[in-house]
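Biologist: I have a structure open on my screen and would like to learn how to read its features. Could we go through them together, one at a time?

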Amino acid sequence: MTRTRRHRMRRRLTAAALAACAAVTAPAAAPAPAEARTTYPVGDLATSISNFLFSPDAAAGANLWSCRPSAEHPYPVVIVHGTTSNFGSAAAMMAPTLANAGYCVYGFNYGATPLTLGHVYGLGEVAESARTMSAFVDRVLAATGAAKVDVIGGSQGGMMPNYYIKRLGGAPKVRTMIGLAPTNHGTTMQGLVDIGRSLQVLGLVNDAYRFIGAPTYPEQEDGSDFQKALFADGDTVPGVRYLTIATSHDTTVTPLTNSFLHGGDSTNILLQDLCPDDPVSHSGMTLDGPIMQLVLNALGPDEPGFRPQCTGYGPNV
């Protein structure tokens, strides 16, 4: 081997040794930054109306079946719409707000009858609707691997899950039940139910509701056989924590105190005790800023005595 060739070989061996040494002693490369979480647009009343018409089954940030709950937010959230509504409409603000906060969010439609026509849900018998909810919650738990869900429901959506919890074995699967102006204990519909009962025509009205495909209405009347049977053994179930939020502007659930649950781990809030100027009424509660803050607190830090900022009020509808 010539001197020149030996010199070249020594340079190559030296370079290889230096490279190997660098590979051993150099710090490991920093991992690639995690992909930024998607931010979903938070809807308003216009979004809710648009979703009702054009997206009844979907809302931004919801039903992403690949979502995995984090250690910070280990419980998926299930949103339950009310009577004559649908999931897309009810979740227009709540679903993206919760998803942006890091929750896995889900929701479904229930209570379809011939009157539904692809948009108007929550009309069927409550027991059957609760069976729909039972199957959906099982699907969420199987997909996420979570032990329990948190539930948020407005109007009938805050009452119907009680049937699931109390009568269909749902209690071990629900950590928190949040009702927004729920029809717990029924409604007098500003006295119309009482007038119909006193005139002995309420039975005829209820038969008409059942005939046209809306049997849920008689079940949600104050003093109905359904309401009496549902809460005959108490309002709450051990192991589930309950939060009920009502508004003094509610003209659907009357008296508004019928929304409240008592006993067990239950908390009742009249919204105007915290934000006196909030004009939100029954159907607007899923679009109200202070209510959304109360929901996030209940699902997250659960600070005692929490008071929301009185801003971003929902509509008086």
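Biologist: How much space lies in the largest pocket?

Modeller: A pocket is found on a 1 Å grid over the protein atoms alone: it is an open set of points with protein on both sides within 12 Å along at least five of seven lines, and lining residues have an atom within 4 Å of a point. Grid points are joined across faces, edges and corners, and the volume is the space filled by probe spheres set on the points. Here the largest pocket holds about 830 Å³. Keep in mind that this is a predicted model, where local features need pLDDT of at least 70 and side-chain atom pairs count only at pLDDT 80 or more, while totals for chains, interfaces and linings use all residues. Residues are numbered from 1 along each chain as its sequence is written, and side-chain values use heavy atoms, with hydrogens and water left out.

Biologist: Which residues lie nearest the centre of the largest pocket?

Modeller: Thr83, Thr84, Ser155, Thr252 and His282 do, out of 36 lining residues. Helices and strands are DSSP runs numbered from the N terminus (helices: H or I, at least four residues; strands: E, at least two). H2, helix H3 (87-90), H7 and helix H8 (202-212) each give at least two residues to this lining.

Biologist: How does the lining of the largest pocket divide by class?

Modeller: Ala, Val, Leu, Ile, Met, Phe, Trp, Tyr, Cys and Pro count as nonpolar, Asp, Glu, Lys and Arg as charged, and the others, Gly among them, as polar. By class, this lining has 17 nonpolar, 18 polar and 1 charged residues.

Biologist: What about the second largest pocket?

Modeller: About 300 Å³ of space lies there. Leu243, Thr267, Asn297, Ala298 and Asp302 are the closest to its centre among 16 lining residues. Strand S5 (241-246), strand S6 (265-270) and H12 each supply at least two residues of the lining, which has 8 nonpolar, 4 polar and 4 charged residues.

Biologist: How many cavities are there of 30 Å³ or more?

Modeller: A cavity is a set of points where a 1.4 Å probe fits but cannot get out. The count here is 1, and the largest cavity has a volume of about 30 Å³. Its lining includes Met93, Leu180 and Val295, and helix H12 (residues 289-299) gives the most, with 3 residues.

Biologist: How many disulfides does the structure hold?

Modeller: A disulfide is a pair of cysteine sulfur atoms within 2.5 Å, and this structure holds 2. One joins Cys67 to Cys104, at 2.0 Å from S to S. Cys67 lies in the loop between helix H2 (45-54) and strand S1 (77-80) and Cys104 in the loop between helix H4 (94-100) and strand S2 (105-108), so the pair ties together parts 37 residues apart in sequence. The other disulfide is formed by Cys275 and Cys310, with sulfur atoms 2.2 Å apart.

Biologist: Are these cysteines buried or exposed?

Modeller: Buried means under 20% relative accessible area, exposed over 50%, and partly exposed in between (1.4 Å probe, protein chains only). Cys104 is buried at 2%, whereas Cys67 is partly exposed at 22%. In the other pair, Cys275 is buried at 0% and Cys310 is partly exposed at 37%.
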